[in-house]
Amino acid sequence: NEPERSNVPNMTDITFGVVGKDYVLMASDTTIARSIFKMKNNQNKIRTLDNHILMAWNGPVADSINFSDYIERNLELYRFRNHSSLSVHAGAYYIRNELATAIRSRSPYQVNILLGGVDKNGPALYFMDYLGSIMKVNTGIQGYAQHMTYSLMDKQWHEDMSLEEGIALIKDCIAEMKKRFLISFDDTTFQIVDKDGVRVLDNP
Amino acid sequence: GCFKAVLNMVSIDTKFLFQDSCGLEGSIDHELRLDEFTGVIVPIPSSANRQKKTKDLLNQGVSFAPETFQDPREPKIKFAHGTTTLGFTLDKYVVVACDSRASMGSVIASNTVKKIVHINDFIVGTIAGGAADCQYWERVLTTECRLHELRNDEKITVAAASKLLANIMYSYRGYGLSLGVIMAGYDITGPSIFYVDSDGTRLKHHLFSVGSGSPHAYGILDSEYRSDLKEEDAVELARKAIYHATHRDAASGGTIRVVVIDEHGARSVWEGDMNELHEKYQKAKAKYRSDQMST
């Protein structure tokens, strides 16, 4: 009987990530729920780390916010100490290490992560779960959305997608969720990272 | 030394109290000792059958983690949970309203609980969940906010105060605390409200309602809330929402209190019994219907 850590179920956050020609596009829903209620409907679940990495979190708010703050500040500390930022690959593995260390500690972080960034090696997207597993992927999905949209992603994704194609792919996935997923969600935020950094897409 | 003497004198009572409150009944006959380091009273299993008894002890849970603290279906310590609290921000001020009922199971423990805590002149917090936890930790927060003022020579913001509380709650995860606080205030960034939880959740939004009666309050609030309401309309909305929640939720009731916080500080604008409000609304409804029918 696993102890209940909070009222918020882990899987109903919806997050997508897609690797394109020279960018990584991420979208997530903006609802925070508490048992059967929506407490907030404009929460940005995609955190910007170090100006060139996007980290989308899924899970209970307390764990996710605390973990994101912790990672953000440690990456900044690295930058201050070493006069250069961690690469996306190194950053991803650092985060994975923190998750994996925490899993056997007194309080594991119940956060699933989708990490996207662009550096001199090109665009990269990493899928991490709260146990500390990590995979470099081209299309990343978290939560119940995995069941419903992996097939869509597999069908439509191809190498070197343009921005319009990437946006269309994620929009198709969102439409599928709105059609088939029992739990409704209102808005989604779209954020993109490319060689110029991170920005929000207001009307994708 | 002195504490030990006192403990020996009251050892029988504490034994019963301890067994009662922690659900360790009858099956193990053990003595109590005072752990000098933590100041916690712990049982000593007798040397015979030590392994079995230790295992039993561990299984019965001499700890405060939620899964071992007490059986949620038959709790020995019943927390006062029922409540309706709400808060919302308008353009230039915040309105906070609460009921005043504390219920323990099916008994109304009190109908005159003060659920709005004044943390300082510009910030208030509400109480929902475990009353003792809320009262204690909001008092701790009050001292921390005052220390912030003394150290930094500036008034603490609502964001900082709520983050202080959220961090404390996060560090006490697994100890069985139960808190659902709406922190409302006016600071240099304007009016704001935050929801802080015993899990460590901290959310910022323009409208929150917490407690067993919150679904009913949300119904009224969502249908009539606008960010440009005048103060008297906003107060009436808050009052009406709490009234409807107390009407439908058995665990909410008593007097309804409404507080407004603006640039001049927090002030209590209305306090009244929900039954009197009920009479007033019923009369108004009857009059409206009779007017309708006569036209």
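Is Phe37(A) buried, partly exposed or exposed? Phe37(A) is partly exposed, because its relative accessible area is 27% (buried means under 20%, exposed over 50%, partly exposed in between, with a 1.4 Å probe and protein chains only). The model is predicted: local features need pLDDT of at least 70, side-chain atom pairs count only at pLDDT 80 or more, and totals for chains, interfaces and linings use all residues. Residues are numbered from 1 along each chain as its sequence is written, chains are lettered from A and ligands numbered from 1 in the order in which they are written, and side-chain values use heavy atoms, with hydrogens and water left out.

The aromatic pairs come next. Over all chains the count is 10 (rings of Phe, Tyr and Trp, the last by its six-membered ring, pair if their centres lie within 6.5 Å; planes under 30 degrees apart are stacked, over 60 edge-to-face, the rest tilted). Phe37(A) and Tyr218(B) form a stacked pair, because their ring centres are 6.3 Å apart and their planes stand at 25 degrees. This pair crosses between chains, with Phe37(A) in strand E4 of chain A and Tyr218(B) in helix H7 (residues 214–224) of chain B. Helices (H or I, at least four residues) and strands (E, at least two) are DSSP runs, numbered from the N terminus. Tyr218(B) is buried, at 9% relative accessibility. The pair of Tyr93(A) and Tyr126(A) is edge-to-face, because the planes stand at 80 degrees, with the centres 6.4 Å apart. Tyr93(A) lies in helix H2 (residues 88–103) of chain A and Tyr126(A) in strand E8 (residues 122–128), so the pair links distant parts of the chain, 33 residues apart. Tyr93(A) is partly exposed at 39%. Tyr126(A) is buried at 3%. In chain B, ring pairs join Tyr136(B), Trp137(B), Tyr172(B) and Tyr175(B) into a cluster.

The interface was examined next. Chain A places 20 residues in contact with 21 residues of chain B (heavy atoms within 4.5 Å). The buried area is about 1,600 Å², and carbon and sulfur atoms give 51% of this (accessible area, 1.4 Å probe, that two parts lose on being put together, summed over both). In chain A, the most area is lost by Arg34(A), Met39(A) and Lys40(A), together 31% of what that side buries. Four salt bridges cross the interface (a side-chain nitrogen of Lys or Arg within 4 Å of a carboxyl oxygen of Asp or Glu). One of them joins Asp63(A) to Arg173(B), with the closest N and O atoms 3.1 Å apart. On the side of chain A that touches chain B, strand E3 (32–34), strand E4 (37–40) and helix H1 (61–82) each supply at least two residues. H1(A) gives the largest share, six residues.

Within chain A, Thr15(A) lies in strand E1 (residues 15–19). Thr15(A) is buried, at 0% relative accessibility. Beyond its neighbours within four places in sequence, Thr15(A) is in contact with residues including Ala27(A), Leu114(A) and Ile141(A).

Most residues other than glycine have a negative phi. Asp160(A) sits in the loop between helix H3 (145–156) and helix H4 (163–180) of chain A. Asp153(B) sits in the loop between helix H5 (131–152) and helix H6 (158–171) of chain B. Asp153(B) is exposed, at 71% relative accessibility.
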